[in-house]
Amino acid sequence: MGNLSKLSNIGKVIEQQLYEVGITTYEQLKESGSKVWLKIKSINPSACIHRLYALEGAIQGIKKSQLPAETKAELKEFYNSFKG
């Protein structure tokens, strides 16, 4: 393991989950987008909206708490479409 955990919001657990779904570099994460969260959810059903925010923040290079309200709203809509 290594490089992904150096990104904002990405700890060892999320890094491992990204590896498990085939994402091993920042470039792959950026290309896949935060919606790679769906793949993570398929291997870890407890993946919540905060993980989705964390992935987007990592892509943008900011803490998830700094995501613009519009981005959070779009991600929340996406997340809610898969709840249940």
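In the predicted model, helix H4 (residues 49-60) and helix H5 (residues 69-80) have axes that come within 10 Å and cross at roughly 135 degrees. The crossing of the two helices is right-handed. On the H4 side, the residues in contact are Ile49, Leu52, Tyr53, Glu56 and Gln60, and they meet Thr71, Lys72, Leu75, Lys76, Phe78 and Tyr79 of H5. Sorted by class, this contact between H4 and H5 comprises six nonpolar, two polar and three charged residues.

H4 also packs against helix H1 (residues 12-20), here at an angle of about 80 degrees and with the axes 12 Å apart. The two helices are therefore roughly perpendicular to each other, as the angle lies in the range of 65 to 115 degrees. H1 contributes Ile14, Gln17 and Leu18 to the contact, while H4 contributes Arg51, Ala54 and Leu55. By class, four nonpolar residues, one polar residue and one charged residue make up the contact of H1 with H4.

Within H1, the residues Ile14, Glu15, Gln17 and Leu18 are buried. These four cover an arc of only 165 degrees around the axis, which puts them on the same side of H1. In general, an α-helix has 3.6 residues a turn, so residues three or four places apart point the same way. The buried residues of H1 pack against helix H2 (26-32) and helix H3 (37-43) as well as H4. The exposed residues Lys12, Val13 and Glu20 are carried by the face of H1 turned away from its buried side.

Backbone positions with a positive phi occur on either side of H1. Just after the helix, Gly22 takes a positive phi of about 90 degrees. In the segment before H1 lies Asn9, which has a positive phi of about 75 degrees although it is not a glycine. Most residues other than glycine have a negative phi. With a relative accessibility of 25%, Asn9 counts as partly exposed, because this class lies between the buried limit of 20% and the exposed limit of 50%.

Key: Residues numbered from 1 in each chain as written. Predicted model: local features only at pLDDT ≥ 70, side-chain atom pairs only at ≥ 80, totals over all residues. Heavy atoms only, no water. Axes fitted to C-alpha atoms, helices over the stretch in contact; angles between N-to-C directions. Left-handed = near helix turned anticlockwise from the far one by under 90°. Contact = heavy atoms within 4.5 Å. Nonpolar A, V, L, I, M, F, W, Y, C, P; charged D, E, K, R; others polar. Buried < 20%, exposed > 50% of the residue type's maximum accessible area, 1.4 Å probe, protein only. Arc of directions from axis to C-beta. Parallel < 35°, antiparallel > 145°, perpendicular 65-115°, else oblique.
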